[in-house]
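Here is a short briefing on one protein model. Please keep the sequence and the 3D view open while reading.

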Amino acid sequence: MQGSEAISRRPIGGMSIEPFLGTVTVRFSDAIVAATDRAKILREEGHEPVFYIPFEDIYFDLFEKTNTTSECALKGTASYWRVHAVGGSADDFMWAYETPDTAALAIARHGAFDPKRARIDVDPKEDKRHTPHVME
């Protein structure tokens, strides 16, 4: 493995990024548009946690990049995508920081999804070391 993966475990300006241990599946209507066991979770002061999915685990044939962008002081410029699936579509359904600022390098080439438009199913991996066992 070359180099080290950029992961911000310490809050930088109220933001932290860490691997999520488990699976994340994103649906639009009845279509699965992304699924991974390699998600990252971004926690930012004053916001709900956001799951970021690697581009390789997103079904980009269902997406079309839009002209929408937004700016974040910690992350940089976000680009947005429209989803087309199951006879419907939704604008600005996904966003990504394709070339994020240094504090957010861990989410480069990862997409996040609008929780008001997407169904995001999260299944944490069982922590067998800390799960109580009942003797029969």
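**Briefing: salt bridges, cores and local geometry**

Ten salt bridges occur in the structure. A salt bridge here is a side-chain nitrogen of Lys or Arg within 4 Å of a carboxyl oxygen of Asp or Glu. The model is predicted, so local features need pLDDT of at least 70 and side-chain atom pairs count only at pLDDT 80 or more, while totals for chains, interfaces and linings use all residues. Residues are numbered from 1 along each chain as its sequence is written, and side-chain values use heavy atoms, with hydrogens and water left out.

**Salt bridges**

- Side chains of opposite charge can pair when their charged atoms come close.
- Arg27 and Asp121 pair through their side chains, at 2.5 Å from N to O.
- That pair links distant parts of the chain: Arg27 sits in strand 2 and Asp121 in strand 10 (residues 119-124), 94 residues apart. Strands (E, at least two residues) are DSSP runs, as are helices (H or I, at least four), and they are numbered from the N terminus.
- Asp121 is partly exposed, at 28% relative accessibility. The classes are buried (under 20% relative accessible area), exposed (over 50%) and partly exposed (in between), using a 1.4 Å probe and protein chains only.
- Glu98 and Lys65 form another salt bridge, with their closest N and O atoms 2.7 Å apart.
- Glu98 is in the loop between strand 8 and strand 9 (110-113), and Lys65 is in strand 6 (residues 63-72), so this pair ties together parts 33 residues apart in sequence.
- Both ends are partly exposed: Glu98 at 32% relative accessibility, Lys65 at 44%.
- Asp114 and Arg117 meet at 3.7 Å, N to O, in a salt bridge. Asp114 is buried at 16% relative accessible area, whereas Arg117 is partly exposed at 40%.

**Nonpolar cores**

- The largest nonpolar core holds 23 residues. Such a core is a set of buried Ala, Val, Leu, Ile, Met, Phe, Trp, Tyr and Cys residues joined through side-chain atoms within 4.5 Å.
- Val26, Val33, Ile58, Phe63, Phe93 and Phe113 have the most contacts inside this core.
- Two or more core residues come from each of strand 2 (22-28), strand 3 (31-36), strand 5 (50-54), strand 7 (76-85) and strand 8 (88-96).
- Strand 8 gives the largest share, four residues.
- Beyond its neighbours within four places in sequence, Phe113 is in contact with residues including Val26, Val33, Ile58, Phe63, Phe93 and Trp95. Contact means heavy atoms within 4.5 Å.
- A second, separate core has 15 residues, among them Met15, Leu42, Tyr80 and Ala104.

**Positive phi**

- Val86 is not a glycine, yet it has a positive phi of about 50 degrees. Val86 lies in the loop between strand 7 and strand 8 and is exposed, at 51% relative accessibility.
- Asp92 also has a positive phi of about 50 degrees without being a glycine. Asp92 is in strand 8 and partly exposed, at 22% relative accessible area.

**Thr36**

- Thr36 belongs to strand 3 and is buried, with a relative accessible area of 6%.
- The Thr36 side chain reaches the backbone nitrogen of Arg38 at 2.8 Å.
- Leaving out residues up to four places away in sequence, Thr36 touches Gly22, Thr23, Val24, Ile53, Pro54 and Asp57.

How values were computed:
A polar contact is a pair of N or O atoms within 3.5 Å; within protein, one must be able to donate a hydrogen and the other to accept it, and residues adjacent in sequence count only if both atoms are side-chain atoms.
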